[in-house]
Amino acid sequence: MTTIKLNYFPLRCRAETARLVLHAAKRDFEDKIVQFADWPALKPNTPFGSLPYLEVGDEVFGQSMAIASYLAREVGMYGSSNLDALKIEQLQQLREDLIPSEVDAWKEADETKKTELRKKLYETIYPRFVGHFERLIKENQARTKSEFTVGDKLSLADFIIFDGTETLNQQNPAFLDGYPAVKAVRAMVAKVDGVKQYLEKRPFMAVCARKSCQHYYVIKLVDVVAVVVIVVVVVVVLIILVMKVVVVVVVVVKIVVVVVVVVVVVVVVVVVVVVVIVVVVIAVVVLAVVAVAAAVVVVALVAFNKEEGRRPSTISEKKKQLKKIISKMPLFIRYKTLNI
Ligand SMILES: N[C@@H](CCC(=O)N[C@@H](CS)C(=O)NCC(=O)O)C(=O)O
């Protein structure tokens, strides 16, 4: 079976009658929702720079009414005659004429203008268009003695009536009380096997109201979840990085401490060695001086004894002898060592 893919925004608007036809026929198809954020990139690659477009096998086609008509013909929901086809197409174009008024009333940002547009919609536009729907249904039902909009069997026309009044039914269902034939067709379509199941699971989709479109909020929720996941991942990565940095800092601090300790130990050892060397040198010098002084004293005594040839007997002789010994000593010993 040829594959069918219907591409459209998360809205009913210009794709919903085609969807209803496919669900009523229980035809396998892919309902490809084009998110608004993806549209600018996709637009140049569509047949006419607009949605919907239909992929049939490897061929691509645009224009919503042509798409819905093609699909309805494919599944036998395009009436039973050429005249039925004409009736379906006039209804299709009538509904297309209604869309801009509904979209304008929704899109208007200025609240005052929006109120005016909605007033006009309810006072003139809806009565005119829904009035035409009501009249056409009644004429057909009188002619065919059936419950359908065109001919005597379910067709694209019934789906046009259903979706063409869906926004009105969502916003102000009481308005339709004045249009019993429209209400009856709506009730009949809602029970069609395939359509019933689709409507039960279909998200609320306004004709062109993004804000009231659950698909839109689902996507927004998905975006929020994605952002939360990204933030969590970034935080975890940052924590891991910080922990790695802390580990590196600890290692660097350990290295610095070891280096400082080694330097301090080396400095202390060097200072101690220098001090010991200095003390030893001073001790050696002092000892040398003392030894030299002693040697000089000994030499002087020996020389004196040789010269005198005898030992002094009285104290005054001993003093004299000592003075002589001292006078024979070198000057630096007398003044520096003996302090005389
Ligand atoms: N005549 C075209 C009109 C298509 C059209 O205006 N589509 C709107 C969405 S309902 C669209 O693609 N708007 C986005 C754009 O033009 O960039 C049809 O029936 O398919």
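**Helix α6 and its neighbours**

I started with α6 and helix α8 (residues 180-190), which pack at an angle of about 110 degrees with their axes 9 Å apart. That angle makes α6 roughly perpendicular to α8, because anything from 65 to 115 degrees counts as such. I then listed who touches whom: D158, F159, I161 and F162 come from α6, and V182, V185, R186, M188, V189 and A190 come from α8. Sorted by class, the contact of α6 with α8 has eight nonpolar residues, two charged and no polar ones. A reminder to myself: this is a predicted model, and I'm reading everything with that in mind.

Next I asked which residues of α1 meet α6. From α1 I noted E16, T17, L20, V21 and A24, and across from them in α6 sit L156, F159, I160, F162 and D163. The residues in this contact of α1 with α6 split into seven nonpolar, one polar and two charged. For the geometry, helix α1 (residues 16-24) and helix α6 (residues 156-164) pack at about 130 degrees, their axes 9 Å apart. So α1 is oblique to α6. I also wrote down the handedness: α1 passes α6 in a right-handed crossing.

**Helices α3 and α4**

I moved on to helix α3 (residues 64-74) and helix α4 (residues 82-107), which pack at about 145 degrees with axes 11 Å apart. Here α3 passes α4 in a right-handed crossing. On the α3 side I found S64, M65, A68 and S69, and on the α4 side Q92, Q93 and E96. By class, the contact of α3 with α4 holds two nonpolar, four polar and one charged residue.

**Around the ligand**

What surrounds the ligand? I get Y8, F9, R14, W39, K43, G49, S50, L51, P52, Q63 and S64.

Then I checked polar atoms. An N or O atom in the side chain of K43 is 2.7 Å from an oxygen atom of the ligand. For L51, a polar backbone atom is 2.7 Å from a ligand nitrogen atom. Q63 uses its side chain, with a polar atom there lying 2.8 Å from a nitrogen atom of the ligand.

Is the peptide bond between L51 and P52 cis or trans? I find cis, with omega about 5 degrees. P52 sits in the loop between α2 (39-42) and β3 (53-56), and both L51 and P52 are on my list of residues surrounding the ligand.

I located C13 in the loop between β1 (4-8) and α1. I flagged both spots because most residues other than glycine have a negative phi, and most peptide bonds are trans.

Note on methods:
Residues are numbered from 1 along each chain as its sequence is written. This is a predicted model: local features need pLDDT of at least 70, side-chain atom pairs count only at pLDDT 80 or more; totals for chains, interfaces and linings use all residues. Side-chain values use heavy atoms; hydrogens and water are left out. Axes are lines fitted to C-alpha atoms, for helices over the stretch in contact, and angles run from 0 to 180 degrees between N-to-C directions. Helices (H or I, at least four residues) and strands (E, at least two) are DSSP runs, numbered from the N terminus. Angles under 35 degrees count as roughly parallel, over 145 as roughly antiparallel, 65 to 115 as roughly perpendicular and the rest as oblique. A crossing is left-handed if the near helix is turned anticlockwise from the far one by less than a right angle, and right-handed if clockwise. Contact means heavy atoms within 4.5 Å. Ala, Val, Leu, Ile, Met, Phe, Trp, Tyr, Cys and Pro count as nonpolar, Asp, Glu, Lys and Arg as charged, and the others, Gly among them, as polar. A residue is near a molecule or strand if one of its heavy atoms lies within 4 Å of it. A polar contact is a pair of N or O atoms within 3.5 Å; within protein, one must be able to donate a hydrogen and the other to accept it, and residues adjacent in sequence count only if both atoms are side-chain atoms.
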